[in-house]
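Subject: Structure for you to look at

Dear colleague,

I am passing on the structure below, and after it you will find a short account of what was found.

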Amino acid sequence: MTVDIAISNALVLTVDERNCLYERGTVLIDDGRITEVRASEDGDGEIEATHTIDGDGRLVMPGLVNAHTHLELTPLIGAFSDLDLLEMMGSMTAIFGRLGEGDFDYLAEAGYELAALNFLLGGVTTINSMDVRPTAGAETFGEAGLRGFFGPTVTDLFWDVPVDEQFDRAREFIETHHDTYDGRIRATICPHDDWSCTRELWERTANLAAEYPDLLVHTHLLELEASNTMARANGGPDSLGLLNDVGVLDERLVAAHFRVTDEADIERISEADASVAHCPSVFCYWNPDAEMQWTPVPELRDAGVDVGLGIDDHYWHDSYSMFGEARQARLAANVKRTTGQYSSMELVRMLTIEGARALGVGDEIGSIEPGKRADVVLLDVDKPKFTPLTNVPAHVVNNAAPGDVETVIVDGELVMRDGTPMTMDAEAVQKDVEAAVDRFADETGWELHIGGGNPPGSTETIRELPKRGPARLLSRLALQSVRDKFSF
Ligand SMILES: [Zn+2]
């Protein structure tokens, strides 16, 4: 018998139900699936395989899951880093509006290539991305051999693109891209959030979701104080109440952030069997308020809610590291509360199996167990930074970095071997990205150079904002705040 891939004598962190850890373990992979996981025996190095991997000094673990992200603007990494919050939001809104109108396709295409390459290099095998025009994303991640959930954003108060056109685009995307590349690429339905969508938009979302019952509904939920205010302006009791009214509060819902919440919200999301993507870095980096409420992750997990981790708009905080996201989840929770909010193993689970469950694919991926699809990464742990290997889960979430990932397997295929991507040409990607960023800087007047970045002058930025969208959004929120105050 010959298998496709045989890994032996490796440290194996299975992330199965018992968190089984083999000091010397063997993992066999055949026809896309994991077929055997066990302690290594003498002679395992000679198992007949198309690819034999000596696991000595290597940690084998499930591929990482980035449960909430946006990828189109990846080439703008470094461009926002030192702006203040208002400058960042202003310049971002202007770009978002123009993306919606079909500008900057070259930047988005380069963005998907750069994101796929860097996530591949860093052991991220599954992403869940909400973008403006995700077609290039679905194709780039599909070709790269990675796993991805992609959906086009729909929103009516933030954006000037006609709603009919947005839903036509969403339907076309689903018809063309859902369940492609052997099921590695799946479409999602993406109402942007609960503070920039009207009730009508949620109702249309619910209709589309009913038409495509296999798809996740991916949104930003209870991200801002404005979330419940907008729900009341939309005639709902609150944000979750509005989603329940229209019929999308169920197990297909993936809610990014879920931050401004109370006990009743936790109970309701748990009863609905919906899941949460927690994105600590983006909020720590762009904290709008020193007293900011924090996502109640321990309580959500205690209530049985699947919580994955997401890197969100990673080009706003200059990171491709999902390991870093786990560390940030721990540090932020400890600062907001007290030490000991998570064990290291709980964070490993959120990075892998719980992220997979949050995306509805926990039965297929997220752990190293016989029968599962083989999404597996190998880290080189034969390094001073990992010596001694006391407490492997703690090394993974506190100490590991993307550069420690050496080999990546997705769906049983080697997409990176010994540090070399097998499915992407890294040099070509770098060239494309540099050309795209030069063109973007020329077209927009953004200054982007080795010393930093500067958006075009603020008056110009504001002139480029979509006219109708934000004005309607802000007036609706202001009116509801007055109503709330005087309770009429
Ligand atoms: Zn987001």
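Four bridges join strand 6 to strand 7 (residues 124-131), and the two strands run parallel; here strands (E, at least two residues) and helices (H or I, at least four residues) are DSSP runs numbered from the N terminus, and two strands pair if DSSP finds at least two bridges between them. Within this pair, Thr69 stands opposite Ser129 in strand 7.

Please keep in mind that this is a predicted model, in which local features need pLDDT of at least 70 and side-chain atom pairs count only at pLDDT 80 or more, while totals for chains, interfaces and linings use all residues. Residues are numbered from 1 along each chain as its sequence is written.

As for the overall division, the domain assignment, which is automatic or from a database, gives domain 1 (3-60 + 372-421) and domain 2 (64-358). Their contact takes 22 residues from domain 1 and 26 residues from domain 2, and helix 14 (392-398) is among the elements that each supply at least two residues of the side of domain 1 that touches domain 2.

Notes
Contact = placed C-beta atoms within 7 Å.
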